[in-house]
2 protein chains.
Amino acid sequence: MTIGIVGGGQLALMLCEAAQDLNLDTVVLCEHDDDPAARVATKVLLGAATDASALAILSQQVDVVTFDHEQVDLDQIASLVDAGVAVHPGLLTLEAATDKATMRTVFANAGFPLPAFTVIEAGEDDRTITHDVMQLAASVGLPLIVKPARGGYDGRGVFVETTTADAIERVKVLSASGRVLVEAALALDAELAVLVARDLVGNCVVYPPVVTTQVNGMCREVVIPCALDDDVLEEAQLLAVDVAEVLESVGILAVELFIVDDMAVICEVAARPHNSGHWTIEGTSASQFENHLRAVAGLALAEVEVLADAIVMVNIVGNDDGDDPADFVQGQDLGGLHLYGKAARPGRKLGHLTVVGNDLDTVRGAAWDAVAQLHGGLG
Amino acid sequence: MTIGIVGGGQLALMLCEAAQDLNLDTVVLCEHDDDPAARVATKVLLGAATDASALAILSQQVDVVTFDHEQVDLDQIASLVDAGVAVHPGLLTLEAATDKATMRTVFANAGFPLPAFTVIEAGEDDRTITHDVMQLAASVGLPLIVKPARGGYDGRGVFVETTTADAIERVKVLSASGRVLVEAALALDAELAVLVARDLVGNCVVYPPVVTTQVNGMCREVVIPCALDDDVLEEAQLLAVDVAEVLESVGILAVELFIVDDMAVICEVAARPHNSGHWTIEGTSASQFENHLRAVAGLALAEVEVLADAIVMVNIVGNDDGDDPADFVQGQDLGGLHLYGKAARPGRKLGHLTVVGNDLDTVRGAAWDAVAQLHGGLG
């Protein structure tokens with residue numbers, strides 16, 4: 001069986017690695033032959049994720065199409081579905097994952113806990129923008145969060161505005177090029193991510209929730225076990241499963257949640273494996289990549305068992321000198337090290353590293369020592 | 001012409017005083033013959049504001065019925081209206097002023113800026129209460145404000161709850177005896193009151209907005225001129241007029257507003273003269289009491305001119321010793337002193353005092369010196 005993957009980044013890379021263990025072939029549609037997934041895919045197809053003819057060719061070569069990222073053209077994907085191509089996750093999920101305004105509206109209709117929000121249409125007139133933003137500020141106070149409905153990731157395209165005038169100005173600029181979501185800024189106790197694998201017939205397997213420590217909007221470290229109360233974690237898992245069911249997702253759905261006074265509130269969703277779940281490769285009996293593939297391939301999901309008392313995943317981010325972490329590995333066994341083979345640039349995610357063990361402090365120390373070495377710090 | 005006033009408190013007292021200047025007779029329906037208004041009304045009718053037969057007798061003796069307070073039975077008032085009695089303000093206004101849940105719903109439908117809110121019905125089941133409160137907390141964060149829809153005044157019956165559990169518990173207790181309003185707690189720059197006099201044909205006269213300095217939920221001091229920007233004050237006045245028009249109010253409508261980042265957000269309304277407007281007796285060419293009477297009597301409203309550069313009104317509140325301020329007047333001329341003739345009790349509003357002049361610091365000093373004297377402090 002052959003899995004087509006749209007996009008060739010590190011998620012596609014790790015999907016391809018997991019596919020090998022499952023005896024699945026992979027065809028990756030990516031733009032460059034040195035993209036992370038290109039070196040491990042069974043076959044590489046060069047082209048843009050939004051190139052209709054490339055998508056058509058990919059579809060002909062595979063049994064099912066899935067995704068490394070959400071930067072796709074939904075009309076093109078709809079055409080594939082109409083032509084009988086198996087696409088997982090499907091359109092309902094992709095629509096919510098690619099457009100935050102659609103997502104919020106779907107979730108509001110489902111009665112899910114959400115920050116109060118308003119959607120400003122692309123090209124909306126100044127008077128309506130002013131009215132709608134002021135109405136929201138009147139209703140929930142300041143600051144307001146302003147986001148383009150599409151295209152942001154890792155905290156890019158999230159603007160915190162402390163005055164209505166600033167929020168209105170930001171919306172005016174952003175709405176010139178697309179829909180804009182404006183929402184209440186909640187006082188958070190934590191941000192949590194819950195991964196739900198859902199198969200073609202609706203069975204779900206939920207991974208343990210993790211707190212996502214954000215630095216400049218990018219996930220920096222994931223620590224298991226999660227320090228929050230069991231009640232909160234259980235509620236978060238139940239909500240994430242409800243979300244997966246409403247979206248009829250297939251594969252991994254990553255549900256990002258705000259925790260407000262022990263209550264889980266939906267932030268957003270991603271319809272693919274997620275940075276917050278990289279620890280599942282070494283840390284569980286069945287990684288998020290394995291279960292994503294199982295789901296989209298129509299296989300039974302694997303039950304998930306956590307394999308250690310303490311697990312720490314740290315992202316390896318390009319340092320200011322532009323050093324390549326690969327230059328600092330120096331033949332040492334750094335455990336669960338995953339370098340994505342991307343050109344080193346400051347601030348770019350170049351890899352991650354997972355350490356498992358019995359004692360959290362020891363594990364965490366080992367993880368950060370290894371990261372320091374990879375940045376040339378302990379060489 | 002004879003004006004019937006339901007309730008005999010200090011507002012009725014000052015309405016009766018203003019009526020004398022307009023050559024209007026007054027009949028006050030009050031519970032005790034020593035209520036503040038009883039000593040100046042043309043005629044006193046003893047009875048409860050919710051006694052249908054007393055209301056019927058009052059109606060027969062007067063040309064129009066108006067109100068000192070909102071603690072009335074709307075069904076009884078509706079019966080009067082059906083029977084052809086002129087009642088001003090009318091039912092639409094009274095409904096909004098007596099029930100905060102109705103008020104919020106009417107204003108939300110009109111598109112006015114409001115704190116985000118939810119209404120819990122009387123006797124609602126625990127599951128719905130929990131769901132609705134958690135939904136609001138998810139949407140707007142904490143703390144939440146919980147208020148019974150009816151009956152509160154001067155900050156009584158306003159609960160600030162910092163956890164969802166506390167908010168849910170509070171709602172459960174309060175909803176056993178009536179509808180409950182739960183709303184977002186906004187970070188306020190100021191609280192403002194705007195008085196709008198509206199006549200029978202819809203003409204409006206707006207008083208200058210004033211910041212209401214609240215101590216324990218009770219208005220303590222009003223200072224003119226207001227320190228806020230002219231733009232904010234103008235917006236507040238326009239909004240207050242819009243509110244008066246939506247409610248088709250007749251007489252004084254006091255619109256209490258929150259100022260959030262220079263934006264006016266409706267807090268609540270009172271359909272009668274208001275503590276925040278007592279300064280208009282000495283401070284303007286036509287007091288709120290005069291214009292209330294003019295409106296309900298079908299007379300033309302008087303234009304309002306502010307008569308001084310600096311005006312300070314201070315409430316005289318019963319001290320902990322239970323002293324009667326009247327005992328400390330000692331024959332001195334304390335300017336705009338109004339003692340309501342109420343029995344002195346700690347924390348009770350016993351009167352107010354307005355000082356006008358050219359220099360704000362001087363005026364304010366004089367006002368507070370006088371209040372200190374009335375509390376026995378400078379005797």
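1. Basis of the note. The model is predicted, and local features are discussed where pLDDT is at least 70, with side-chain atom pairs counted only at pLDDT 80 or more, whereas totals for chains, interfaces and linings use all residues. Residues are numbered from 1 along each chain as its sequence is written, while chains are lettered from A and ligands numbered from 1 in the order in which they are written. Helices (H or I, at least four residues) and strands (E, at least two) are DSSP runs, numbered from the N terminus.

2. Relation of the two chains.

3. The interface. Contact (C-beta atoms, placed from the backbone, within 7 Å) links 21 residues of chain B with 21 residues of chain A. On the side of chain B that touches chain A, the elements giving two or more residues are α6 (126-140) and β14 (263-270) of chain B, and α6(B) gives the most, with six residues. By class, this side has 15 nonpolar, five polar and one charged residues, where Ala, Val, Leu, Ile, Met, Phe, Trp, Tyr, Cys and Pro count as nonpolar, Asp, Glu, Lys and Arg as charged, and the others, Gly among them, as polar. Because 100% of the interface residues of chain B are also interface residues in chain A, the copies meet through the same surface.

4. The parallel sheet of chain B. Four strands form an open sheet in the order β3-β2-β1-β4, with parallel pairing; two strands count as paired if DSSP finds at least two bridges between them. The edges are taken by β3 (43-46) and β4 (64-67) of chain B, each with a single partner strand, so one side of each is left without a neighbour in the sheet. From one strand to the next the twist averages 25°. Strands β1 (residues 2-6) and β2 (residues 25-30) of chain B run parallel and are joined by five bridges, with I3(B) opposite T26(B) in β2(B). Helix α1(B) packs on this sheet, touching β1 and β2 of chain B, and its direction makes about 165° with that of β2(B).

5. A helix pair in chain B. Helix α1 (residues 10-21) packs against helix α10 (residues 288-296) of chain B at an angle of about 75°, with the axes 9 Å apart; axes are lines fitted to C-alpha atoms, for helices over the stretch in contact, and angles run from 0 to 180 degrees between N-to-C directions. The two helices are therefore roughly perpendicular, a term that covers 65 to 115 degrees. The contact is made by M14(B), L15(B), A18(B) and A19(B) of α1(B) together with F289(B), E290(B), H292(B) and L293(B) of α10(B).

6. The antiparallel sheet of chain B. A further open sheet of four strands has the order β5-β8-β6-β7, with antiparallel pairing, and its edges are β5 (117-120) and β7 (159-161) of chain B, each having a single partner strand, so one side of each is left without a neighbour in the sheet. Helix α5 (residues 100-109) of chain B lies across β5, β6 and β8, running at about 50° to β8(B), and α6(B) also lies across β5, β6 and β8 of chain B, at about 175° to β5(B).

7. Strand β6 of chain A. Four of the five residues of β6 (residues 144-148) of chain A are buried, that is, with 20 or more other C-beta atoms within 10 Å of their own, against 12 or fewer for exposed residues and partly exposed in between. Three bridges join β6(A) to the antiparallel β7 (residues 159-161) of chain A, where L144(A) has E161(A) as its bridge partner.

8. A loop residue. E124(A) is found in the loop between β5 (117-120) and α6 (126-140) of chain A. Is E124(A) buried or partly exposed? E124(A) is partly exposed, with 17 other C-beta atoms within 10 Å, and, leaving aside residues up to four places away in sequence, E124(A) touches I129(A) and S175(A).

Note on methods. Contact = placed C-beta atoms within 7 Å. Parallel < 35°, antiparallel > 145°, perpendicular 65-115°, else oblique.
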